[in-house]
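Here are my notes on this model, written as numbered points. Please read them with the structure open beside you.

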Amino acid sequence: MTKIYAQGKVELKAACHAIMFLDPVLEWEIDVNKKKKRRSSSQNALMWMWLDKIAKAMSDKTGYEVHEIHILFKNNFLDGKKISVGGLDALEQTTTSLTTAEMSEYLDKIQRFCASEMGVFVPLPEEAQLR
């Protein structure tokens, strides 16, 4: 399967040109989708800053480390992707493939949970600068 990413008239024209030269004898499936923005590096950095702060605040009570807090939140706040092989099933939760909007929603859930259930304040970058 070949993916073509195009932006602007020249690249879109080249994509159309590539489609025109597909073998007409074969049957083709062509999907055209607007590319979604993946989570930003600043969103990812904010998440890890929060996870570190949460792990430090909770380590006396739970003993959990940063990666364990990460797994806990992913398992509770992300839908995940079902993987099945040979009768075995697993649910993979990852932040890597989230869009910027999905990552914002995930971070909001973490922030609300920490404030309401854990008594831990995790600031946004602009709030951290005010302190």
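**Notes on the predicted model**

1. Start with W28. This residue sits in the loop between α1 (9-20) and α2 (41-62). The model is predicted, so keep that in mind for every point below. Is W28 buried, partly exposed or exposed? Its relative accessibility is 44%, so W28 counts as partly exposed.

2. Together with I19, L26, I30 and V32, W28 makes a nonpolar surface patch. The area of this patch is about 520 Å². Find the five side chains I19, L26, W28, I30 and V32 in the view and colour them.

3. Now look along α2. Several of its residues are buried: Q43, N44, L46, M47, W50, L51, I54, A55 and M58. Buried here stands for a relative accessible area under 20%.

4. Helix α2 is not straight throughout. Where does α2 bend? The bend is at K56, and its angle is about 35°. After the helix comes G63. The phi of G63 is positive, near 80°.

5. How many salt bridges does a search of the whole structure find? The search finds two. In general, side chains of opposite charge can pair when their charged atoms come close. One of the salt bridges joins D52 and K56, with 3.0 Å between the closest N and O atoms. Why are D52 and K56 about one helical turn apart? They are four residues apart in helix α2, and that spacing separates them by about one helical turn. D52 is partly exposed, because its relative accessibility is 30%. K56 has a relative accessible area of 61%, so K56 is exposed.

6. The other salt bridge is between E105 and K109. The N to O distance is 3.6 Å. Both residues lie in helix α4 (residues 100-118). E105 and K109 are four residues apart, so about one helical turn separates them. E105 has a relative accessible area of 45% and is therefore partly exposed. K109 is partly exposed as well, at 27% relative accessibility.

7. Next, the aromatic rings. The count comes to three aromatic pairs. In one of them, F73 and F113 have ring centres 5.9 Å apart and planes at 80°, so this pair is edge-to-face. The cut-off that matters for that label is an angle over 60 degrees. F73 is in helix α3 (residues 66-77) and F113 is in helix α4, so the pair links distant parts of the chain, 40 residues apart. F73 is buried, because its relative accessibility is 2%. F113 is partly exposed, at 30% relative accessibility.

8. F113 has another partner. The rings of F77 and F113 have their centres 5.8 Å apart and their planes at 65°, so this pair is edge-to-face too. F77 lies in helix α3 and F113 in helix α4, so the pair ties together parts that are 36 residues apart in sequence. Ring pairs link F73, F77 and F113 into a cluster.

9. A check on the cysteines. How many disulfides does a search of the whole structure find? The search finds zero. C16 is partly exposed, with a relative accessible area of 49%. C114 is buried, with a relative accessible area of 0%.

10. Two distances are worth a look. K82 is in strand β1 (residues 81-85). K82 is exposed, because its relative accessibility is 60%. K82 and E92 are ten residues apart along the chain, and their C-alpha atoms are separated by 6.3 Å. N75 belongs to helix α3. At 43% relative accessibility, N75 is partly exposed. N75 and E117 are 42 residues apart along the chain, and 17 Å separates their C-alpha atoms.

Key: Residues are numbered from 1 along each chain as its sequence is written. This is a predicted model: local features need pLDDT of at least 70, side-chain atom pairs count only at pLDDT 80 or more; totals for chains, interfaces and linings use all residues. Side-chain values use heavy atoms; hydrogens and water are left out. Patches are made of residues with over 30% relative accessible area and no salt bridge: like charges are joined within 9 Å, nonpolar side chains (Val, Leu, Ile, Met, Phe, Trp, Tyr) within 5 Å. Accessible areas come from the Shrake-Rupley method with a 1.4 Å probe; for residues, only the protein chains shown count as cover. A salt bridge is a side-chain nitrogen of Lys or Arg within 4 Å of a carboxyl oxygen of Asp or Glu. Helices (H or I, at least four residues) and strands (E, at least two) are DSSP runs, numbered from the N terminus. Buried means under 20% relative accessible area, exposed over 50%, partly exposed in between (1.4 Å probe, protein chains only). A disulfide is a pair of cysteine sulfur atoms within 2.5 Å. Rings of Phe, Tyr and Trp (its six-membered ring) pair if their centres lie within 6.5 Å; planes under 30 degrees apart count as stacked, over 60 as edge-to-face and the rest as tilted. The bend at a residue is the angle between axes fitted to the seven residues ending there and the seven starting there.
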